[in-house]
Amino acid sequence: MVARMRKAELSRRDWLRTLPAATAVLISEAGLEAQAPPAETAKVTREMVERALAAIGLEFTEEQRAMMLANLNRAYTGYERLRKIEIPLDTEPAFRFYPALPGTRIPSGKSRLKLTRRKGLKRPPSIEDLAFAPATELSALLASRQITSTGLTRMYLDRLKRFAPKLNCVVTLTEDLALEQAARADQELKRGKRRGPLHGIPYGAKDLFATKGIPTTWGAEPFEHQVFDYDATVISRLADAGAVLLAKLSMGALAQGGLWFRGMTKSPWNLEQSSSGSSAGSASATSAGLVGFSIGTETLGSIVSPSRTCGVTGLRPTYGRVSRFGAMGLSWTMDKPGPICRTVEDCAMVFSALHGPDGKDMSVVAAPFDWRGGEPVARLRVGYVRAEFDKLEGERKALFDNALQAVRKAGVKLEPVELPALPTGPMLIILTAEAATAFDDLTRDGGVTNLRGQAQGDWPNTFRSARLIPAIEYIRAQRARTLLMRQMEQLMSNWDVLLTTTGSPSLSITNLTGHPQVVAPCGFINGDPQAILFTGGLYNEAAPLALAHAFERNTTWHNMHPKVDW
């Protein structure tokens, strides 16, 4: 209104300059302001426009390209001004993603955690015999005061010092903090104060979660000495639950793969093999019995992949279930923190302490988590992507046939289903564009050249290439994502859990739609751990966890651990 009133008082050019850039562009395209700046001052030339259009597969007439120059040069000036604004790395864009479509019913009610009862549990002769024990077992022994948190913490610290160097899975050992937290846990337990089932259990955290006064390196050379003055929500919630932080665990640089500034993180099953990533150290340390459990994050496989490679169990929760506050942002619409553990119920126990709003990450919803360990699963509607399992051959087919049979033994009927056919590959420019934006300053100042990974598929090249993703294509990919969400919502309306292989398109589909997924070990091929995936409905982690738990009770794979004696 004000601009409209002043229009009569200003010349057309002066009036145009008072408008927001976007409005000015629209007016320019209407023909009110099409004159390009003088050639000697223009940053964008006709030749640049021609090459850029060719790169994205568009053709315009010479006259149309000439008219574009004024807008492009004006926009370029705006870009330069934007780049002068100092934007902290933990600043999110002014938009949010919700996996639930309009009209979706968000679960309500109270959260419950009823763990499977463990009868006659006794401490072994040596506390190191508990190195591979499930966190639920450690919890019961701590509650009955057969062991102390300090004793358990010292045992894990000793194992970390002995074995972590071979695995290259630890960035920072938080020994002083761990012993302090363990002593506090023991004192509280002596007084009869138990914060919950995680009280006194030592754990490790992926080194992208802020820890007050302790380096948080993001696995990348430019941030090797980065220290925050606050804790991430995940860290503070585990502290409130009485858990003991042993170490900041390695991650692929800026959350890609297993390569970080001190080299590659290794799988304890095969020291010649990467543990995969990017939650590389979390999976490796958990598998090797160096921590009671660990915390990782996933954007596109970073919990599932290392969990499979290291033969452990992981839970990637629904997007918007666990706060991302204080965690390195890679893709604001896809990042999801979650637990990596030795058993399914361990994951349920840890997730119970993590989920829920914190008033800082506004994408997190208040939905309950109702876990009742050992509950029958016959009522669950379970589908399996038959085409994936049918195409397997030889030893791999036999392994997954046995896995499906173990699920059937739990009392459920498996029905064949098909995943949405919409191609997800083109939509992954969402991740690429958001990641490149998160580290745009690092690309511009040349910091990415200091990362160890400089191959074609590594972040430095990806970040540079992403500069040429048109904003229109990014938004189109987000619209296609909405179609995928609708298709997945329709599919999941008929099922509580879907079964797929780890090579399934479900990994990219569910990371885009935000659905939860549980990865559980299901055997070995040539000594390498294999895994099966359980996908659940939005905000319903309990269903895939319950079925995975039933599967686990019919198998022994979760009890198999690598021989750590290097």
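**Helix packing and the sheet in a predicted model**

Trainee: Is Thr424 buried or exposed in this predicted model?

Mentor: Thr424 has a relative accessibility of 12%, and the cut-off for burial is under 20%. Because the value for Thr424 falls under that cut-off, this residue, which sits in the loop between S14 and helix H15 (429-438), counts as buried.

Trainee: How are helix H18 (residues 471-492) and helix H19 (residues 506-513) oriented relative to one another?

Mentor: Two packed helices are described by the angle between their axes and the distance between the axes. For H18 and H19 the axes lie 9 Å apart and the angle is about 105 degrees.

Trainee: How many residues of the contact of H18 with H19 are nonpolar?

Mentor: H18 contributes Arg481, Leu484, Met485 and Met488, while H19 contributes Ile509, Thr510, Asn511, Leu512 and Thr513. These residues divide into one charged, three polar and, for the nonpolar class, five.

Trainee: How are helix H12 (residues 344-354) and helix H20 (residues 542-553) oriented relative to one another?

Mentor: The axes of H12 and H20 come within 8 Å and cross at roughly 150 degrees. The contact involves Val344, Glu345, Cys347 and Ala348 of H12 together with Leu545, Ala548, His549 and Glu552 of H20, and these divide into five nonpolar, one polar and two charged residues.

Trainee: Which strands are the edge strands of the open sheet?

Mentor: The open sheet is formed by 11 strands with mixed pairing, in the order S2-S4-S3-S9-S11-S10-S16-S17-S15-S13-S14, and its twist averages 30 degrees from one strand to the next. An edge strand pairs on one side only, and the two that do so are strand S2 (170-173) and strand S14 (414-416).

Trainee: Which residue in S11 stands opposite Gly314?

Mentor: Strand S10 (residues 313-316) and strand S11 (residues 336-341) pair in the antiparallel sense over two bridges. Within S11, the residue opposite Gly314 is Ile340.

Terms used:
Residues numbered from 1 in each chain as written. Predicted model: local features only at pLDDT ≥ 70, side-chain atom pairs only at ≥ 80, totals over all residues. Heavy atoms only, no water. Axes fitted to C-alpha atoms, helices over the stretch in contact; angles between N-to-C directions. Helix = DSSP H or I, 4+ residues; strand = E, 2+ residues; numbered from the N terminus. Contact = heavy atoms within 4.5 Å. Nonpolar A, V, L, I, M, F, W, Y, C, P; charged D, E, K, R; others polar. Pairing = 2+ DSSP bridges. Buried < 20%, exposed > 50% of the residue type's maximum accessible area, 1.4 Å probe, protein only.
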